[in-house]
Each structure stands twice: as structure tokens, then as C-alpha cells.
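Visitor: I would like to learn how to read some features of a protein model. Could you walk me through them?

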Amino acid sequence: MKTKSLLAAILLMAVLPVSAQSAWSNGLDSGVNSVAVSLRGEYGSTRIDNWLQYAPAAAFLVSGAFRSCAGEHGFAERLIVLATSSAAEAVLVNGLKYTCCRLRPNGVTANSFPSGHAATVFMGAEQIRLEYGGWAGAGAYALATGVGLLRIYNGYHWLTDVLAGAAVGIVSANLAFRLLPLERKWLGIKAKSELSVIPLGSGIMLALSF
């Protein structure tokens, strides 16, 4: 992501907590939620979004173990990126959740803003986009959008919650990639570190080269 795009994502994340209280955004949230309630009443709810949120990040990490999945970074580097972006996401999401205290559409808890599921899935999608670009990134973002829509459909989030969560995830992924050269130096990890799968009798052995 270019610097201007990153700054735009940060601005979106900063403005949405305020805009979420505006008449325009409340009206948009209510309208989208009404559609979700109607559809849920007809087709029922689903929990698949609880699992799909991790799919892009898992794909980003695991693909680093296979030489056939050409990318700029090896397994160890991706592990660092995932750990750093997850930590940044957790701080931002929980900080906003317990500062804004927004009631969920289902009225169960007051920690709706922003969507943690959206943050997680868009974080992984952005990691894939930054690593592979092109169609891989588009596919990951399509999945992330689907998870965000499911959070609204299932009554756990408003539209602006999902948009803010997406911004948090994107910013967290970019932050982790920018910090990677410094972290790699601190930890003494070589570029393109590999995870090898070695057959061993009736099982396998995993070897990580630094």
C-alpha cells in the first residue's frame, strides 16, 4: 500500500468513531441493519464467520512454508509480520471498543465498535495483497468483505463497525510490514527464511532455517 493510501486508512479509522454518532451514519447503519434482520428472519443465522476470519492470515503464514508459493518473505518473516500485526490490531480494537462502548445491534453487549472479526480478516487480506498482489489479494479481499457482511447479517455489528474494523486491520498489516526490517535485525533472522517439510519414517519433521 502506498503512503497516501495508508494515511487515508488511518484517517478513516480516526474519523469513524465520531461519524458513527452522526445522523447520517446512524441512518445508514439502521437501514442496513433492517435488511439484515429481515434476511436473518428468513434464512437464519450462521457461525461460519467465526472461522473464516482467520483464513487469510492462516493462508499468508502457511504459504510461506512452500517453495512453490513464491513470495518475497519466508516463513519466519511472515510469522513476525503476523505476530506484530495481530498485537497492533488487538491494541487498537480493544482500545476503541472500550472507549466508544457502542451497543451491538442485537443489544447484548456494548463493545460493537469496531468489529474485531473485520479487523482480523482484513488484516490477513492485506498481508496477502502486500505479499502476492494481483488476484490473490483480490480473492482475499472478497473473502474479507464476505466476513464483514456476515457480521452485519448475524446482528453483531453495524456497517460502520465493520468499516472501522477493516481500517484497523489494514493499518495493522502495513505497520507490521514496515517494522519487519527492524525486527529482522533485532532477532537475527535472514531474509527468506524457510520452513522445510522433511519425511521421517512414518511421520514428518519441520525444519526452520534462519
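Guide: Gladly! Let us begin with terms: helices (H or I, at least four residues) and strands (E, at least two) are DSSP runs, numbered from the N terminus. Axes are lines fitted to C-alpha atoms, for helices over the stretch in contact, and angles run from 0 to 180 degrees between N-to-C directions. This is a predicted model, where local features need pLDDT of at least 70 and side-chain atom pairs count only at pLDDT 80 or more, while totals for chains, interfaces and linings use all residues. Residues are numbered from 1 along each chain as its sequence is written, and side-chain values use heavy atoms, leaving out hydrogens and water.

Visitor: At what angle do helix H4 and helix H6 pack?

Guide: Two packed helices are described by the angle between their axes and the distance between the axes. Here H4 (residues 55–62) and H6 (residues 116–132) pack at about 35°, their axes being 6 Å apart.

Visitor: Which residues in H4 meet H6?

Guide: Contact means heavy atoms within 4.5 Å. From H4 come Pro56, Ala57, Ala59 and Phe60, and the residues they meet in H6 include Val121, Met123 and Ile128. The contact divides into 8 nonpolar, 2 polar and 1 charged residues (Ala, Val, Leu, Ile, Met, Phe, Trp, Tyr, Cys and Pro count as nonpolar, Asp, Glu, Lys and Arg as charged, and the others, Gly among them, as polar).

Visitor: How many Å should helix H8 span?

Guide: The expected span of a helix is 1.5 Å times one less than its number of residues. H8 (residues 159–187) has 29 residues and so should span 42 Å; its end C-alpha atoms are 40 Å apart, which agrees.

Visitor: Where does H8 bend?

Guide: The bend at a residue is the angle between axes fitted to the seven residues ending there and the seven starting there. H8 bends by about 45° at Leu180, and Pro181 follows within four residues. After H8 comes Gly188, with a positive phi near 70°.

Visitor: How many salt bridges does the structure hold?

Guide: A salt bridge is a side-chain nitrogen of Lys or Arg within 4 Å of a carboxyl oxygen of Asp or Glu. The structure holds 6 of them. One joins Asp49 and Arg151, whose closest N and O atoms are 2.8 Å apart. Asp49 lies in helix H3 (residues 49–52) and Arg151 in helix H7 (residues 134–153), 102 residues apart.

Visitor: What is the phi of Cys101?

Guide: Most residues other than glycine have a negative phi, and most peptide bonds are trans. Cys101 has a positive phi, near 50°, and sits in the loop between H5 and H6. Pro114 is also placed in the loop between H5 and H6, and a cis peptide bond joins Phe113 to Pro114, with omega about -5°.
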